[in-house]
Amino acid sequence: MPEKSLQEMQREVDAYISQYKEGYFSPLAMLARMSEEVGELAREVNHQFGPKPKKAGEADNSIELELGDILFITICFANSLGIDLTEAHNAVMRKFQTRDADRWTKKDTEQG
């Protein structure tokens, strides 16, 4: 499957949601949904990397699918508020590149 830009993903999600009369949920409902999805991701991470194994017969979800669910609801949230996620990403990266420029130990760029 070809790569998609954030803008393409936002348009794709909008086209999907726009086919329904209900449209986007309210911001509060989307925040609740996002919290639910993050909880499901936490459960999967705990099963895979933590001390809590899955129960017999428990659904076999994956971290990848849970991250996909979080991405979908994030895009819905942004679309409903008219937020361009590419611009939001660029602003966040500028913040990290300036505020946190010397916060972490950088890897050596010299090879040899």
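These legends describe several close-up views of one predicted model. Local features need pLDDT of at least 70 and side-chain atom pairs count only at pLDDT 80 or more, while totals for chains, interfaces and linings use all residues. Residues are numbered from 1 along each chain as its sequence is written, and side-chain values use heavy atoms, with hydrogens and water left out.

**View 1. The annotated region, residues 25-104.** An unreviewed UniProt entry gives these residues the annotation "domain: NTP pyrophosphohydrolase MazG-like". UniProt positions are in the numbering used here, feature names are shortened, and annotations may be inferred rather than shown by experiment. Over residues 25-104 the chain is 71% helix and 0% strand. The end C-alpha atoms of this region are 39 Å apart. Helices (H or I, at least four residues) and strands (E, at least two) are DSSP runs, numbered from the N terminus.

**View 2. The largest pocket and its lining.** The volume of the largest pocket is about 200 Å³. Its lining consists of Y16, I17, Y20, E22, G23, Y24, F25, M30, R33, F72, I73 and C76. At least two lining residues come from each of α1 (6-18), α2 (27-49) and α3 (63-81), and α3 gives the most, with three. By class, the lining divides into nine nonpolar, one polar and two charged residues. Here Ala, Val, Leu, Ile, Met, Phe, Trp, Tyr, Cys and Pro count as nonpolar, Asp, Glu, Lys and Arg as charged, and the others, Gly among them, as polar. On a 1 Å grid over the protein atoms alone, a cavity is a set of points where a 1.4 Å probe fits but cannot get out; a pocket is an open set with protein on both sides within 12 Å along at least five of seven lines, and lining residues have an atom within 4 Å of a point. Grid points are joined across faces, edges and corners, and a volume is the space filled by probe spheres set on the points.

**View 3. The aromatic cluster of Y16, Y20 and F72.** Rings of Phe, Tyr and Trp (its six-membered ring) pair if their centres lie within 6.5 Å; planes under 30 degrees apart count as stacked, over 60 as edge-to-face and the rest as tilted. The count by this rule is two aromatic pairs. Y16 and Y20 have ring centres 5.5 Å apart and planes at 70°, so this pair is edge-to-face. Y16 and F72 are also edge-to-face, because their planes lie at 70°, with centres 6.4 Å apart. The latter pair links distant parts of the chain, Y16 in helix α1 and F72 in helix α3, 56 residues apart. Relative accessible areas are 42% for Y16, 41% for Y20 and 28% for F72. Each of these values falls under partly exposed (buried is under 20%, exposed over 50%, partly exposed in between; 1.4 Å probe, protein chains only).

**View 4. K95 over the face of F96.** K95 lies at 5.2 Å from the ring centre of F96. A charge sits over a ring if NZ of Lys or CZ of Arg is within 6 Å of the ring centre and within 35 degrees of the ring normal.

View 5. The C-alpha atoms of L71 and I83 are separated by 14 Å, with the two residues twelve apart along the chain. D60 and M9 are 51 residues apart in sequence and 26 Å apart in space, C-alpha to C-alpha.
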